[in-house]
There are 2 protein chains.
Amino acid sequence: MKHDINISESEWCVMEYLWSNPMATITEIRKALSSTGWSDSTIKTLVRRLVSKNAVAINDEASTFRYYPLISQQKCRLKETKSFINRVYDGSVSMLVTNLAAESNLTDKETEELLTLIEKMRKE
Amino acid sequence: MKHDINISESEWCVMEYLWSNPMATITEIRKALSSTGWSDSTIKTLVRRLVSKNAVAINDEASTFRYYPLISQQKCRLKETKSFINRVYDGSVSMLVTNLAAESNLTDKETEELLTLIEKMRKE
DNA sequence: TATAACAGGCTACAACTGTAACCTTTAATT
DNA sequence: AATTAAAGGTTACAGTTGTAGCCTGTTATA
């Protein structure tokens, strides 16, 4: 029932906070994201959009609304990761990991071990 | 001089082809992307946008234009990977790799080895 | 009690994306 | 020669995203 929820980059910041702090109020979210420099309106717009996307729900038991995520960070990460790998690495996990290995400063031996593991992953 | 080139998902398909086949004509691109079902106009729009973004240039020596990439796949992959990891994994490469490992069917021992390597990567 | 700050709700607006039609000119095929 | 198929160029149009203002009512604080 949670098809096709696309979370934009800015919205993702709000989700991050809600995943760590479910049942947060707007003020709490705003405080947490103050480093972004976004206006109060912007935060409210992002939250509203997340609600209309069914990514976030409202708890209105108290006088001030509290917002909480309807989708898990785990699921979202998985979805984003898959679409990223498909788009950028043509669906190849091993190519991604190979690139990551090349970017970090592993010794030759470590890289070799990593590549061996990648080979195994690739088997599936 | 090649800062901030953002390539959208559809545009990425065109880039993929141009990276494999630089100096391609529109017809060649269209043929290559025929499986997408995009109309001729759509392909032309994507190419035009890539040109205006300075991601692609035109070679007009022959009567029919040929298009070629101005940015390397390597650089684009790096940029996309970085922004992806920042957005989704809070900048943590090791968290991403941990997730990848969990998703693939490694044995416990393999996973353990992989995690050891990740630990080493994390050191930097 | 007056005032400032915030909640909730509505509206806005430009850039970017996905997707495509239409027009004119040229080249190829019947 | 007539038709068809591009090529190149221009325009379009709706949905998403980044970013925010304005209005009204409430609450906390000077």
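Residues are numbered from 1 along each chain as its sequence is written, and chains are lettered from A, with ligands numbered from 1, in the order written. In this predicted model local features need pLDDT of at least 70, side-chain atom pairs count only at pLDDT 80 or more, and totals for chains, interfaces and linings use all residues, while side-chain values use heavy atoms, without hydrogens and water.

Me: By what turn can chain A be laid on chain B?
Reply: Copies are superposed by least squares on the C-alpha atoms of residues with pLDDT of at least 70 in both. The RMSD is 0.0 Å and the shift along the axis is 0.0 Å, with a turn of 180°. That is the relation of a two-fold axis.

Me: Which helix gives the most to the surface near DNA strand C?
Reply: Helices are DSSP runs (H or I, at least four residues), numbered from the N terminus. α2 (26-32) and α3 (40-52) of chain A, with α1 (9-20) and α3 (40-52) of chain B, each supply at least two residues. With five residues, the most comes from α3(B).

Me: How far does a polar side-chain atom of Lys44(A) lie from a base nitrogen of DNA strand C?
Reply: A polar contact is here a pair of N or O atoms within 3.5 Å. Arg48(A) places a polar side-chain atom 3.1 Å from a base oxygen of DNA strand C. For Lys44(A) and the base nitrogen, the distance is 2.9 Å.

Methods
A polar contact is a pair of N or O atoms within 3.5 Å; within protein, one must be able to donate a hydrogen and the other to accept it, and residues adjacent in sequence count only if both atoms are side-chain atoms.
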